[in-house]
Structures are given as C-alpha cells and as structure tokens.
Amino acid sequence: MSSSQLSSAQIAQKAKSNLAFALGCLSKERKRDMITFYAFCRVVDDIADDPATNEEDKERELSHWKKCVLEGTPPGHSVLDEALDLPKKYGFPRAWMAEIIEGVASDITKTRYETFDELLGYCYKVASVVGLVSIEIFGHEKPETRDYAINLGYALQLTNIIRDVGQDARETGRIYLPQEDLRQFNVSESDLLSGVPSERLNKLLDFEYRRARSYYAAAQKALPEEDRKHMVASEIMAEIYSAILEKLKSRRYPIFEQRVKLLRVHKAWILGKHMLRAKLGRY
C-alpha cells in the first residue's frame with residue numbers, strides 16, 4: 001500500500017517513532033492532530049529519501065506540496081488534506097509547514113554544510129519549526145515558549161545528527177557535521193564515509209555533544225512556568241533524546257556499529273514519570 005493510501009495513524013504506527021510515547025499524555029483530540037502533523041512530516045521526508053525516485057521528480061513533488069500548503073489547496077493526498085486543517089484550527093501560519101517542506105527538500109541535493117550557522121538554518125526548518133507547530137497543537141499561553149520550541153528543536157536535531165553520522169554517510173553520502181568542524185579536529189570525510197573510528201572523531205563528537213547540551217539547557221531556561229503543564233509531551237521527547245545523547249557519549253560514540261536507542265522499558269518509565277508529575281500538578 002502506498003503512503004497516499006495510508007491514514008495518518010497507520011503512518012505513525014508504521015514509523016515506530018519516539019513520538020508515540022510522548023503523545024500518550026495528550027487529550028484525544030490533540031493526540032489525533034499531532035499524529036496528523038507527524039504523518040505530514042513523515043511523508044514529506046519519505047519523498048525526499050525515496051531511493052526509487054530521481055532528484056527532479058522528488059523536487060517536483062515537494063514543490064507541488066509546498067504550493068498546496070501555501071495556497072491551502074488540498075492536493076488529493078489523504079495526509080496532506082488532513083494536515084491542511086491544522087493551521088486554521090490552531091492559528092499558526094501555513095508558511096511554517098512550507099518551511100518544513102523546504103528543509104526536507106534540501107536533503108535531495110545538499111550533502112554538506114560548511115559552517116555551523118549554515119547547519120542551524122537547516123535544523124531550524126526541519127526541527128525547530130516542527131516544534132513551533134507542535135506547541136500550538138499542545139496549547140501554550142506565553143510567547144516565550146516559542147524560544148523553548150526553537151532551542152529544543154536544535155537540541156533534538158543535533159542529537160539525531162550525532163547519532164546518525166555513520167548511517168547517513170554510509171547510506172546516503174551525507175555529512176551534516178560542519179566542514180569547519182571536521183577541519184578543526186582533523187577528521188576527513190573519507191574517515192566518515194569509510195567508517196573509520198578515531199580519537200580525533202570522538203573529540204569532534206564531544207564538541208558537538210556540548211553544543212547539543214547547550215541547546216537543551218537553553219530550552220529549559222526559555223520555558224515559562226505557566227506553560228510547563230502544556231509541554232509535557234515535548235518534555236518527554238526532550239528527556240528521551242537527552243538520554244540517547246548521554247548514552248552516545250558514555251559509549252564513546254559507536255556510530256559505525258549501531259544506532260543507539262533507548263530500551264522500550266526506559267521510554268515507558270520516562271512517560272510514566274512525566275504523566276505522574278502532571279497528574280500531581282508538579283509541572
């Protein structure tokens with residue numbers, strides 16, 4: 001069955017994302033809308049990564065999706081047709097969803113980032129804007145919570161980049177680590193593409209680890225007390241990915257050997273802890 005025939009719930013279930021744990025604390029309606037939004041993100045990402053489709057056709061399809069989003073015109077795809085209701089329902093600009101498509105589309109042809117600032121621009125579109133949409137669906141009271149979403153988006157995406165360095169290089173030839181950082185730590189592209197571990201690479205990843213940690217800290221600092229009770233789902237995601245980041249560091253970045261993840265029981269414990277806090281009014 002093609003993705004155009006799958007429902008949002010089927011796409012989310014098939015992806016087996018960490019998001020499934022985080023959404024367990026939401027009301028039925030907000031959970032359904034977040035699943036719709038997640039499916040939208042998943043489908044556009046799958047279009048960009050489809051190995052059976054050439055670059056021109058991928059760009060054409062994503063350009064069509066972007067046009068439909070900006071115009072609010074249903075394209076006849078079950079997931080996008082559903083997702084187009086979200087901006088009006090929650091009052092956020094359709095341009096945010098278009099930015100996500102732009103970020104994902106850049107993966108089709110862009111495989112290197114010269115500077116960290118350039119990488120952050122990519123992270124903003126594919127992760128921080130996802131966070132901005134998410135907090136609208138979760139519900140928030142203070143505009144400062146948008147700074148929380150932006151910084152947490154950076155933290156989550158940098159965690160993904162560190163975890164997937166080996167897989168990205170091996171399977172797609174992409175290297176997201178900034179070229180200026182590779183030069184600073186004397187790590188060559190060929191080391192990453194051929195899967196050669198080294199102490200130099202570990203020092204580089206320690207450097208990126210500290211950057212990611214700084215964005216987790218910035219997110220926490222930016223979150224107003226009034227909105228903590230609304231951000232339970234995002235706090236669950238933050239703790240899951242923060243734990244993955246710590247696991248990567250403690251194992252000295254086994255990026256060429258395995259994709260580091262948390263055990264299901266660990267994620268369930270995180271979910272239970274946060275739901276109990278919310279129930280007891282401790283947010």
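Predicted model: local features only at pLDDT ≥ 70, side-chain atom pairs only at ≥ 80, totals over all residues.

Student: Okay, the core first. How many residues are in the largest nonpolar core?

Tutor: The largest nonpolar core has 94 residues. Those with the most contacts inside it are Phe37, Phe40, Leu119, Leu177 and Leu192.

Student: And which helix gives the most to this core?

Tutor: That's helix H8, residues 116-138, with 14 residues in the core.

Student: Let's pick Leu192 from that list. What does Leu192 touch, not counting residues up to four places away in sequence?

Tutor: Leu192 touches Val165, Ala169, Ile175, Leu177, Leu182, Val187, Leu201 and Phe256. Leu177 is also one of the core residues with the most contacts.

Student: Now a charged one. Is Arg163 buried or exposed?

Tutor: Buried: its relative accessibility is 6%, and the cut-off for buried is under 20%. Arg163 is in helix H9, residues 145-163.

Student: What does the side chain of Arg163 make a polar contact with?

Tutor: The side chain of Asp164, at 3.3 Å. Leaving aside neighbours within four places in sequence, Arg163 is also in contact with Tyr241, Ile244, Leu248, Ile255, Arg259 and Val260.

Student: Which residues in H15 are buried?

Tutor: Lys267, Ile270, Leu271 and His274. Looking down the axis of H15, the buried residues fall within an arc of 95 degrees, so they line one face of the helix.

Student: Why would residues spaced like that point the same way?

Tutor: An α-helix has 3.6 residues a turn, so residues three or four places apart point the same way.

Student: And what's on the face of H15 turned away from the buried side?

Tutor: That face carries the exposed residues Val265, Trp269 and Lys279. After H15 comes Gly281, whose phi is positive, near 70 degrees.

Student: Where are Asn186 and Arg252 found?

Tutor: In loops: Asn186 is between helix H11 (179-184) and H12, while Arg252 is between helix H14 (232-250) and H15. Asn186 counts as exposed at 55% relative accessibility, and Arg252 as partly exposed at 32%.

Student: Salt bridges next. How many does the structure hold?

Tutor: It holds 26 salt bridges. One of them joins Arg42 and Asp45, with the closest N and O atoms 2.8 Å apart. Both residues lie in helix H3, three residues apart, about one turn of the helix.

Student: Which salt bridge links distant parts of the chain?

Tutor: Take Glu189 and Arg112, whose side chains meet in a salt bridge at 2.9 Å, N to O. This pair links distant parts of the chain: Glu189 is in helix H12 (residues 189-193) and Arg112 is in the loop between H7 and H8, 77 residues apart.

Student: Which residues are linked in a network of salt bridges?

Tutor: Glu29, Asp33 and Lys89 are linked in one.

Student: Last one. Where is Leu26?

Tutor: In the loop between helix H2 (19-22) and helix H3 (28-49). Leu26 counts as buried at 17% relative accessibility. Not counting residues up to four places away in sequence, Leu26 touches Lys31, Met34, Phe138 and Ala233.

Methods: Residues numbered from 1 in each chain as written. Heavy atoms only, no water. Helix = DSSP H or I, 4+ residues; strand = E, 2+ residues; numbered from the N terminus. Buried < 20%, exposed > 50% of the residue type's maximum accessible area, 1.4 Å probe, protein only. Contact = heavy atoms within 4.5 Å. Arc of directions from axis to C-beta. Core = buried A, V, L, I, M, F, W, Y, C linked by side-chain atoms within 4.5 Å. Polar contact = N/O pair within 3.5 Å; in protein donor to acceptor, adjacent residues only side chain to side chain. Salt bridge = Lys/Arg side-chain N within 4 Å of Asp/Glu carboxyl O.
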